[in-house]
Structure formats: C-alpha cells, structure tokens
There are 2 protein chains.
Amino acid sequence: MPTSHQQRSTSARYQVLLTALQLFTRKGYFNTSMRDITGQSAVSTGSVYHYFKDKEGIAAALFHGLIDRMRAELQQIMRSNETAHDQCRAVMTLLFRIADAEPEVMAFMLYVKHREFLPAERPICSSEPFEMMRAMVQRGMDRGEIERQDVMVASSCLFGGAIRIITSELDGILDRPLNEYLDAVWVCSWRAVAVR
Amino acid sequence: MPTSHQQRSTSARYQVLLTALQLFTRKGYFNTSMRDITGQSAVSTGSVYHYFKDKEGIAAALFHGLIDRMRAELQQIMRSNETAHDQCRAVMTLLFRIADAEPEVMAFMLYVKHREFLPAERPICSSEPFEMMRAMVQRGMDRGEIERQDVMVASSCLFGGAIRIITSELDGILDRPLNEYLDAVWVCSWRAVAVR
DNA sequence: GTCTATACGACGATAGAC
DNA sequence: GTCTATCGTCGTATAGAC
C-alpha cells in the first residue's frame, strides 16, 4: 500500500516514462535530450536521475514494461481462445487496437530501433511476445488449421500484412482510420496460410 | 570522361558513401561520428566536408541514390514483365536478392529510421518505389489477376510477408539462408490476394 | 582538393544544498 | 526525494596552410 510520498514518487517516475515515450517516438531517442525530458515532464534533473540510472535506463524501463504488457495480453488471448484461428485473429485485433488507441506504444514496439540505444537487447522480433505469436501459428499447424510449412514463413505471411499497414498508419499515409482495414487484412492474411 | 583527379575525387566521395552506409546500418546514424567516417574511409575531415555539406548531407546522398536505384530496377521489371503476377514476383525476387547480396543496402532501405536524421524526407513507404509497387498491384486488380479491394490492403498483404522475413534475416534470427524462403513466401503471399 | 588543428556548442551526468 | 548549478566530454563543423 503506497504512502503519500510513494504515490508522488511513482507519479514523478510515471511522468518521466510517459514523456520519454512521447518524445522517443516523435523525435527519436537521440534527438531527445535529457533537457527535453525534464522540461516537458516538469520533473527536475535530480529527480530523473534518482529514478533512473541514466538516459538508457529510461529507455530500458519503457522497453521491458512494454514487453511485459504484451506478454500478459497474449497469454490472456491464448487462454481465452480455443482455435489457432481465433487466437491469431485476436492478436491482429489487439495490434490494431493498440495502434489506434496508443500509437506511441505501437511506434515504440514496431518502429523504434531499440538496438541503437539498448545494445544489450535482442531484436524485438526474437522477444517473447513475437515467439508467442509463432507458437500460436505452430499450434495451428499441429491442429490442421494452418498449412504445414516453415513456421517463420507462415508467421511472417500471417502477420506481415497487418504490421505493414500499421506502419503505414504510423507514417500517416493511410486515407481512412486504421480500424476500417482490419477485416480485409485479416481475410487476406488468413487465406495466405490456412489449409486449402 | 573523367580526368585523373576527378577519378580520385569521385573515388574519395565514393569511399565516404560506402563507409557511411556500413556504419549507419551497423551502428546507427547517431552512433556514427564524423571521426568514425573519416577514420574508416581514410578520407580527411576537410575532404569529407568538401564533398558533403554536413553529416546529414551524406545520409541524404545515400538515401536519394538508393531511391533512384530502386526506381530504375522497378521500371526495368515493369517493362520486361507482362502480367502483374510476374511483375510482383520479380519485385519480391529482387528484394530477396538485394537483402542477400547487399544486406547494408536493404537495411538502409527497410530498417533505418530516415526521418530521425532526414526530417525533410517523406517516409520511405510513400516514396516512389513503394508507389510503383502499389501501381503494379492496382494494375493486377484492373487486369482481373488480383481480387479487387483497397490497394493499400492488397499491397501490404502481398509484400508484408516478404518484408517481415527479410527484416528477420537482417536481425539474424533466421536458421537457413534467406533465398531458401523465397518460393514459400511467394506462394503464401500470392494466395492472399489472387482472385479465387 | 586535401590536410591538420582547433573552436564552440550541446549533451549527459554529478555535486551538494534543502 | 527534490532541486539548481555546474562540470567534463565529445561531436560537428570551420579555419586556413599547402
């Protein structure tokens, strides 16, 4: 149970993370100075360095928070859907929903080059959430829902279209709201991998 | 016809571009200092600034050279293939070939966040080569080869799988050589958009 | 055109009072 | 925990000789 100054603390920490997410995705990590972060978050230099070791530490906290959140959401999807078809469809819906409601989160996941400033991290497509998506596809093949073939090929073809159109949305080159594309992308993508 | 010192000049300029391409894709634009470039290319600071206005100018020259090259290759493909099917298949083959033979070129095209250091440029997916790919898809719909629907959806689903697996290759998470995936990716991707 | 030496600004990070 | 003031480093870009 947080005391009042712990609440204030977590709130300051949270403000920094929120500001950093915005600035890192809008201007890029290297174009964002600590002065930008302290200024926009209204948290002083000293406090920022109290909560985070350094600038990279802010990015790392953001990155791991994001991975954890995605893992939790994917686990929920795996639990509450029986078929691989329904699981994968739910994943694509989730991706579109996050891109729509929290574009910075999606940009940080898909669009930001983490390894340039988090050299210790593995590429995001070998992170646990992406592995869980591949596991869903593998299960679809074992259950006879998805044509049996290399799991990287099937995963790339099943989710590649969605990722591309979400990237287009983040680049601002889509005419209509993103969610209007979901059904059509799903139909095409599933047709690419489903058993004939 | 180049004189001897023009050859030396273009060679120095070329060395800088070659070095910059390697360093920008390996370490990232912001992690590459002008000292890195002068050191590895063995071209002095003064000469680099003789050929390029500033560091951003090097990146811009690289970027525009790449766009021009891709436009030329895509035009060649459009001329020498009759059906949209054959054109799109040739494009995918080209992408795999470049990723295999010149991974830095593909990384600079797909993987580098140009807008972080070239703020004036439009996102690469609204650049002319990407527009040409969408034009091929549109033509496939007009010819009755591709199911008629939103061109962004069809393009994303047709090329999204290839782009994803190429990105995976650049991240080093593929088991087998990239070219072994081409046929399977093409079959899935075409099935996603072809008329039934 | 090519080179070396250097100016100058910006940035990340720290010190130390409260 | 929070704040302000400041330090040292590093990176880009320029000056000016050859």
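# Residue B:Asp54

At 25% relative accessibility, B:Asp54 counts as partly exposed, a class lying between buried (under 20% relative accessible area) and exposed (over 50%), computed with a 1.4 Å probe on protein chains only. B:Asp54 sits in the loop that separates helix 3 (45-51) from helix 4 (55-80) of chain B; helices (H or I, at least four residues) and strands (E, at least two) are DSSP runs numbered from the N terminus. The side chains of B:Asp54 and B:Lys53 are joined by a polar contact of 3.5 Å. Such a contact is a pair of N or O atoms within 3.5 Å; within protein, one must be able to donate a hydrogen and the other to accept it, and residues adjacent in sequence count only if both atoms are side-chain atoms. B:Asp54 and B:Met34 are separated by 20 residues in sequence and by 9.3 Å in space, C-alpha to C-alpha.

# Basis of the model

This is a predicted model, in which local features need pLDDT of at least 70 and side-chain atom pairs count only at pLDDT 80 or more, while totals for chains, interfaces and linings use all residues. Residues are numbered from 1 along each chain as its sequence is written, chains are lettered from A and ligands numbered from 1 in the order in which they are written, and side-chain values use heavy atoms, with hydrogens and water left out.

# Architecture of chain A

Chain A contains 10 helices and zero strands. Its C-alpha atoms fill a box of roughly 60 × 40 × 30 Å along the principal axes, and 51% of its 196 residues count as buried. Among contacts (heavy atoms within 4.5 Å) between residues at least 6 apart in the sequence of chain A, 68% join residues at least 24 apart.

A:Ser127 belongs to the loop between helix 7 and helix 8 of chain A. A:Ser127 is buried, at 9% relative accessibility, and its side chain reaches the backbone oxygen of A:Ile124 at 2.5 Å.

# Interface of chains A and B

The size of an interface is often given as the accessible area lost when the parts come together. Between chain A and chain B about 3400 Å² is buried, with carbon and sulfur atoms giving 63%; this is the accessible area (1.4 Å probe) that two parts lose on being put together, summed over both. Of the area that chain A buries against chain B, 18% comes from A:Lys113, A:Arg164 and A:Arg191, more than from any other three residues. Each chain is represented in the contact, chain A by 40 residues and chain B by 40 residues.

Two salt bridges are counted between the chains, each a side-chain nitrogen of Lys or Arg within 4 Å of a carboxyl oxygen of Asp or Glu. A:Arg176 forms a salt bridge with B:Asp150, with the closest N and O atoms 3.1 Å apart. On the side of chain A that touches chain B, two or more residues come from each of helix 7 (114-117), helix 8 (128-142), helix 9 (151-170) and helix 10 (182-193). Helix 9 of chain A gives the most, with 10 residues.

# Cysteines

Zero disulfides are found over all chains, a disulfide being a pair of cysteine sulfur atoms within 2.5 Å. The sulfur of B:Cys88 is 13 Å from the closest cysteine sulfur, in B:Cys157, and therefore too far for a bond. B:Cys188 is likewise in no disulfide, the nearest cysteine sulfur being that of A:Cys157 at 4.3 Å. B:Cys88 is buried at 0% relative accessibility, and B:Cys188 is buried at 2%.
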